[in-house]
Amino acid sequence: MFFLPVSDNVYILEGEYSPLIILLSIVIACLAAYTALSMNERIQQNSFFNRNVWLTLASIAMGLGIWSMHFIGMSALKLPIPMEYDLVQTIISVFPAGVASYLAFYIANKKNKSQWSYVISGIVMGLGISSMHYVGMSAMKMEAQYIYRPWIFTASIGVAIVVSYVALYIFATMQRLIKNQFVKIITSIIMGLAVASMHYTGMAAVIFYTEVPPSSHMHEMDLTLLIICITVGIMIFFAFSGLSSLLDRYVEYRLNYFDALTILPNRRQFEKKLNTSISKGSLAIIHLHGLEKWNSGYGYSFGDRIIRDVSETIIRTKPEMAELYRIEGNRFAILSLTQSYKDFKASMNELVSALMTPIVIENQKLVVEVACSVSTCSNEKEAKQLFSNAMAVLQHSSIEYKHKVIEYDPSIHKLSFERGIIQDIEKAMEEDELYVVYQPKVGSEKESLGAEALLRWNHPVHGFISPGMFIPLLEENGKIIDVTDWIIEKVCEQMSHWLSEGHPIKGVSINIPGQYITSQRLMDVLKESVAKYGIDSHQLELEITETSVINNIENAIISIGEFRKFGFNIALDDFGTGLSSLSYLKRLPITTVKIDKSFVDGVPESEKDSAIIKAIIVLCHSLNMKVIIEGVETEEQITFLTCMPEKPGIQGYYYSPPLKKDDFVKWIEDFNQIEKVVN
């Protein structure tokens, strides 16, 4: 293996290399590394496929790249004798590379790693790559023999171990930056060159010889088919990675915007539709009454059958052009933007009549009690109240579930609903019907920036009431200040619990109504709350809207300055939606600017939206202000925002919806754990 035979008839064969094929072998190795990195990146994300699938695919891609680099590199060698490969041994040689790659990715994605784990894995992976190389060498069939130069042979194994350690270290430490395409490409090139260096060091250790005089004609290995197969194989893996990414996005979209039971668009998609510029249309909300008794008596699967059967009836009976949503467990919404209100009401009467037909489930014949409320609008201002008007009908004390279509009457329903909301708010605060949820904010380096506190109301009679319905009522009737004080108290109390339990919550922002920002009472409440619960004032951020301070700008500047002196951070919310943002931005002593969701909705498809959001971020960055982008929902938006030099913070459903306090803590722990693994 290491020594030439003792004979006078030994002829050393000198080979030649084709530079173009050498370059191809390195390119294939780099391409395989890029593919493997892309698949490994999917391990860190929520995916439709199990993480073990991505781990296996990444390992196969990298192993195939190492293997293909070897055989393409061998085809670059020309010797004065014919050469070919044993097919079985050639196939067997791929397994050591695949196993070694699996180990590399497995270690890189472990939660707890140490330098020793890198060293051990580097040794094992290096031996695996070396085994692949030398098993591949033994697959060569030719009229010659070969030995290895001992020192270079040993050096090649050492190179394999060292580059394996380096590659493993890159995987483990650079994953935080792998989403950056430039970093991913550079990392892929380094890994490709590392694999190639081991191969060509190993080839430098080989001495080919024969005991008969060689011909002067140089022979090339015909590996055209092998090269094509290897290249196509890697391309297939790369294409699969891209297609699976698209599939994951589609699955995520379905989970976020469609109801799992009925496969209908859900409340989130319904609200998104209502937030578009609707100028006229009609809305019906169908409420199914008494589902609780069927669930408790026959089980939730029975209740699910009822909902599915009812949804099928609604689908068959609704107006053809109307859009159907399941907005709550027992409520469906039908939105028509084209039909006349008279025809729409007639269609709803037909639909409700159809729901009177008994349905049979598990030999049980039943009729579901139903009420249908309808409302209409003829301009954009009325459209904003379309949903709340329909809900006011259902939440009126006179509602009966007798298969009737009930029109919204402002003289009856709105007044009664508003009066009830105002009367119930004190009781809601005392009995914790009101509660706070927290939507996480994430920094450019994937670190948690804390959360925004948002108010929710689970009414004992009306059920969940949308903040878009009750907050404007509280503002109009002067109750919002009392509720804001309650939120401040609850947030400070909760933060105190989190701190005592050792949870790493960086800070919480609280929305402050416009008329309250200049009040001495607000400062007193804040000082009292942070003192009572031992909270650092820097951990609270007060969110104000630009429209709330413009009419009283001078007093607002003074008040905000006082809050800043005491240590509170100030965020300007919904930036850009008013008329005077730029003229007042430099005057307000704020720390953070929150860019409204409307600016990011069109990113990156809209060049204008993209240019505007870039300009705003650059402007705020130049003024030393932090930036938070609200309403971020898609991978494309994330990619656009994180590729900017001035990377903003991000808040939106892409990372998380608003969460209850315990769910928020779990989200923080899981998020930090993932980042530890990545880093």
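Colleague: Where is Met 321 found?

Modeller: In this predicted model, Met 321 is in the loop that runs between α11 (300-317) and β10 (323-328).

Colleague: What makes Met 321 count as buried or exposed?

Modeller: The relative accessible area of Met 321 is 62%. The term exposed applies over 50%, so Met 321 is exposed.

Colleague: Why is the contact of Arg 331 with Glu 328 called a salt bridge?

Modeller: The closest N and O atoms of Arg 331 and Glu 328 are 3.3 Å apart. The criterion is a side-chain nitrogen of Lys or Arg within 4 Å of a carboxyl oxygen of Asp or Glu, and therefore the pair of Arg 331 and Glu 328 qualifies. Both residues also belong to a network of salt bridges that links Arg 267, Glu 271, Glu 328 and Arg 331.

Colleague: Is Arg 331 buried or exposed, and how do you know?

Modeller: Arg 331 has a relative accessible area of 6%. Because buried means under 20%, Arg 331 is buried.

Colleague: Which salt bridges does Lys 427 form?

Modeller: Lys 427 forms one with Glu 431, where the closest N and O atoms are 3.6 Å apart, and another with Glu 433, at 2.7 Å. With a limit of 4 Å, both pairs therefore meet the criterion. A search of the whole structure finds 23 salt bridges.

Colleague: What accessibility terms apply to Lys 427 and Glu 433?

Modeller: Lys 427 has 35% relative accessibility. That value falls between the limits of 20% and 50%, so Lys 427 is partly exposed. Glu 433, at 10%, is under 20% and therefore buried.

Colleague: How many disulfides does the structure hold?

Modeller: The structure holds 0 disulfides. A disulfide would require a pair of cysteine sulfur atoms within 2.5 Å. As for individual cysteines, Cys 30 is buried because its relative accessibility is 13%, whereas Cys 643 is exposed because its value is 53%.

Colleague: What makes β1 and β6 edge strands?

Modeller: The sheet concerned is open, with 3 strands in the order β1-β7-β6 and antiparallel pairing. β1 (11-13) and β6 (145-148) each have a single partner strand, so one side of each has no neighbour in the sheet. From one strand to the next, the twist averages 40°.

Colleague: How do you know that β6 and β7 pair?

Modeller: β6 and β7 (residues 206-210) are joined in the antiparallel sense over 4 bridges. Helix α5 (residues 115-138) lies across β6 and β7 and runs at about 155° to β6.

Colleague: Which residues have the most contacts inside the largest nonpolar core?

Modeller: They are Val 491 and Ile 613, in a core of 100 residues. Helix α17 (residues 480-500) gives the most to this core, with 9 residues. A second, separate core has 48 residues, including Met 39 and Leu 55.

Colleague: Which residues does Ile 613 touch?

Modeller: Beyond four places in sequence, Ile 613 touches several residues, among them Ile 595, Phe 599, Val 603 and Phe 640. Val 603 is itself joined to Pro 604 by a cis peptide bond, with omega about 0°. Pro 604 lies in the loop between α22 (597-600) and α23 (607-622).

Colleague: Why is Ser 656 called buried?

Modeller: The relative accessibility of Ser 656 is 2%, which is under 20%, so the residue counts as buried. Ser 656 is in the loop between β24 (649-651) and α25 (661-678). Leaving aside neighbours within four places in sequence, Ser 656 is in contact with Gln 439, Pro 440 and Trp 667.

Colleague: What is the phi of Asn 363 and of Asn 624?

Modeller: Phi is near 65° for Asn 363, a positive value in a residue other than glycine. Asn 624, also not a glycine, has a positive phi of about 60°. Asn 363 lies in the loop between β12 (359-361) and β13 (364-366), and Asn 624 in the loop between α23 and β23 (626-630). Relative accessibility is 77% for Asn 363, so that residue is exposed; at 73%, Asn 624 is therefore exposed.

Terms used: Residues are numbered from 1 along each chain as its sequence is written. This is a predicted model: local features need pLDDT of at least 70, side-chain atom pairs count only at pLDDT 80 or more; totals for chains, interfaces and linings use all residues. Side-chain values use heavy atoms; hydrogens and water are left out. Buried means under 20% relative accessible area, exposed over 50%, partly exposed in between (1.4 Å probe, protein chains only). Helices (H or I, at least four residues) and strands (E, at least two) are DSSP runs, numbered from the N terminus. Two strands pair if DSSP finds at least two bridges between them. Axes are lines fitted to C-alpha atoms, for helices over the stretch in contact, and angles run from 0 to 180 degrees between N-to-C directions. Contact means heavy atoms within 4.5 Å. A nonpolar core is a set of buried Ala, Val, Leu, Ile, Met, Phe, Trp, Tyr and Cys residues joined through side-chain atoms within 4.5 Å.
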